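Shall we see where they come from?

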Amino acid sequence: MCEADKQDWLLYNRLGATLANSGRSNEAISYYHKALALHPSFVRALFNLGISYINLAQYPLAAQHIISAIRLQHTDATEAYISGTVGTSAKGVTSDALWNSLRTACLQ
């Protein structure tokens with residue numbers, strides 16, 4: 001596999017984010033799913049997918065993906081603590097952002 005293929009998941013997430021930021025959340029969803037197919041533990045793509053579903057008023061789906069992102073983030077933090085690498089890996093999504101988005105999805 002060439003280096004460009006290994007990075008496709010980042011590209012798909014960026015394409016999805018570009019579409020979502022242009023008010024095209026419905027189109028963005030397929031790109032987030034492609035990113036997740038290549039990298040299932042990509043917290044940022046799960047979070048972005050959740051936000052897109054919130055924008056489309058599909059709150060149960062939004063909550064499901066945000067909970068998955070929280071679960072992965074917690075697992076990563078636990079593994080970092082056990083291995084002694086706490087603070088050396090940043091996912092780009094804060095816990096506050098995840099929990100606030102979940103709260104938004106659940107209160108709608």
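Below is a run of questions and answers about this predicted model.

Q: What is the secondary structure of the protein chain made of?
A: The count is six helices and zero strands. Going along the sequence, you read the pattern α-α-α-α-α-α.

Q: Why are H2 and H3 called roughly antiparallel?
A: Start with the angle: the axes of helix H2 (residues 8–21) and helix H3 (residues 25–38) cross at roughly 165° and come within 8 Å. Angles over 145 degrees count as roughly antiparallel, so H2 is roughly antiparallel to H3. As for handedness, H2 passes H3 in a left-handed crossing.

Q: Which residues make the contact between H2 and H3, and what kinds are they?
A: On the H2 side you'll find, among them, Trp9, Tyr12, Asn13 and Leu15. H3 brings residues including Ala28, Tyr31, Tyr32 and Leu38. Sorted by kind, the residues of this contact come to eleven nonpolar, three polar and three charged.

Q: How many aromatic pairs does the structure hold?
A: It holds two aromatic pairs. To describe a pair of aromatic rings, you give the distance of the centres and the angle of the planes.

Q: What makes the pair of Trp9 and Phe42 edge-to-face?
A: Two cut-offs matter here: ring centres must lie within 6.5 Å to pair, and planes over 60 degrees apart count as edge-to-face. Trp9 and Phe42 are 4.8 Å apart, centre to centre, with 85° between the planes.

Q: How do you know whether Phe42 is buried or exposed?
A: Look at its relative accessible area, which is 10%. Buried means under 20%, so Phe42 is buried.

Q: Why is the pair of Tyr12 and Tyr31 called tilted?
A: The ring centres are 6.3 Å apart, and the planes are at 35°. Planes under 30 degrees apart would be stacked and planes over 60 edge-to-face, with the rest tilted, so this pair is tilted. Because Tyr12 lies in helix H2 and Tyr31 in helix H3, the pair ties together parts that are 19 residues apart in sequence.

Q: What makes Tyr12 and Tyr31 partly exposed?
A: Tyr12 has 23% relative accessibility, and Tyr31 has 26%. Partly exposed covers the range between the buried cut-off of 20% and the exposed cut-off of 50%, so Tyr12 and Tyr31 both get that label.

Q: Why are H4 and H6 called roughly parallel?
A: The axes of H4 and helix H6 (residues 95–107) come within 10 Å and cross at roughly 25°. Angles under 35 degrees count as roughly parallel, so H4 is roughly parallel to H6. Their crossing is left-handed.

Q: What meets what between H4 and H6?
A: Val43, Phe47, Ile51 and Ile54 in H4 meet Ala97, Leu98, Ser101, Thr104 and Ala105 in H6. The residues of this contact divide into seven nonpolar, two polar and no charged.

Q: How do you know that Ile29 is buried, and what is it in contact with?
A: Ile29, found in helix H3, has a relative accessible area of 10%. That is under the 20% cut-off, so Ile29 counts as buried. Setting aside neighbours within four places in sequence, Ile29 is in contact with Leu49, Ser52, Tyr53 and Leu56.

How values were computed
Residues are numbered from 1 along each chain as its sequence is written. This is a predicted model: local features need pLDDT of at least 70, side-chain atom pairs count only at pLDDT 80 or more; totals for chains, interfaces and linings use all residues. Side-chain values use heavy atoms; hydrogens and water are left out. Axes are lines fitted to C-alpha atoms, for helices over the stretch in contact, and angles run from 0 to 180 degrees between N-to-C directions. Helices (H or I, at least four residues) and strands (E, at least two) are DSSP runs, numbered from the N terminus. Angles under 35 degrees count as roughly parallel, over 145 as roughly antiparallel, 65 to 115 as roughly perpendicular and the rest as oblique. A crossing is left-handed if the near helix is turned anticlockwise from the far one by less than a right angle, and right-handed if clockwise. Contact means heavy atoms within 4.5 Å. Ala, Val, Leu, Ile, Met, Phe, Trp, Tyr, Cys and Pro count as nonpolar, Asp, Glu, Lys and Arg as charged, and the others, Gly among them, as polar. Rings of Phe, Tyr and Trp (its six-membered ring) pair if their centres lie within 6.5 Å; planes under 30 degrees apart count as stacked, over 60 as edge-to-face and the rest as tilted. Buried means under 20% relative accessible area, exposed over 50%, partly exposed in between (1.4 Å probe, protein chains only).
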